[in-house]
Amino acid sequence: FWKPYPNVNDYIKLALAVSKTIRSTAPKEIFIGPAVASFDWYFLEECFKAGLLNYFDGVSLHGYRQSNPETTLTDWAKLRNLIDRYAKPGRKVQMVSGEWGYSELYNGLNLDLQSKYITRQYLTNLMSGVNLSIWYDWKDDGPDPTEPEHHFGSVYANLEPKPTYTNVFKLSGQ
């Protein structure tokens with residue numbers, strides 16, 4: 001949400017200053033970035049060319065889409081290749097799905113499909129080498145039947161579990 005629009009050069013300046021400070025004061029801390037809101041290849045490659053992979057332990061992005069989770073397989077592979085091309089030899093930079101979910105109100109989706117997509121998303125990410133995946137959203141933001149933002153949750157706004165929540169526990173063996 002960089003206003004008025006994403007500016008990769010300004011981001012790089014900020015990220016390098018923060019990165020150097022973190023590494024000098026807390027060198028063993030895990031540090032990830034840039035939390036890009038899509039697979040923005042130009043933005044990511046410019047960040048990597050500027051040396052941010054010397055500081056980042058992981059590259060975080062939000063893989064939102066209205067198509068099925070498996071459509072990220074080629075994106076994750078491309079990201080892995082891009083990271084490996086710009087990271088120092090021997091440095092393993094992780095990929096992180098920092099935020100990604102499906103609203104029941106997306107075109108063509110419903111609660112049943114959302115509850116299937118959550119497990120497919122986690123499995124797709126694991127198959128791609130993404131070992132940390134954060135589902136957006138833990139709970140529905142509200143009850144409005146026409147507001148997509150109110151229907152991303154794995155539980156309802158009143159904290160009652162949805163099938164989406166139940167499927168995650170089946171996947172984890174809980």
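What is the mean pLDDT of the protein, and what percentage of its residues reach 70 or more? The mean is 93, and 97% of the residues get to 70 or more. Here pLDDT is the predictor's confidence in each residue, on a scale from 0 to 100.

So you know what you're looking at: this is a predicted model, in which local features need pLDDT of at least 70 and side-chain atom pairs count only at pLDDT 80 or more, while totals for chains, interfaces and linings use all residues. Residues are numbered from 1 along each chain as its sequence is written, and side-chain values use heavy atoms, with hydrogens and water left out.

Confidence is highest in helix α3 (residues 73–86), at a mean of 98, and lowest in helix α5 (residues 163–172), at 80. Helices (H or I, at least four residues) and strands (E, at least two) are DSSP runs, numbered from the N terminus.

**Salt bridges**

Searching the whole structure turns up 10 salt bridges. A salt bridge puts a side-chain nitrogen of Lys or Arg within 4 Å of a carboxyl oxygen of Asp or Glu. Here are some of them:

| Pair | Closest N to O |
|---|---|
| Asp57 and Arg23 | 2.6 Å |

Take Asp57 and Arg23, which form a salt bridge. Asp57 sits in the loop between α2 (41–49) and β2 (58–61) and Arg23 in helix α1 (residues 8–25), so the pair ties together parts 34 residues apart in sequence. Arg23 counts as buried, at 18% relative accessibility, whereas Asp57 is partly exposed at 24%. (Buried means under 20% relative accessible area, exposed over 50%, and partly exposed in between, using a 1.4 Å probe and protein chains only.) Arg23 and Asp57 are also linked with Arg91 in a network of salt bridges.

Arg120 is partly exposed at 29%, and Glu70 is partly exposed at 30%.

Glu46 and Lys49 are 3 residues apart in helix α2, about one helical turn.

**Where α1 meets α2**

What do the residues of α1 touch in α2? Val8, Tyr11 and Ile12 in α1 meet Tyr42, Phe43, Glu46 and Cys47 in α2, with contact meaning heavy atoms within 4.5 Å.
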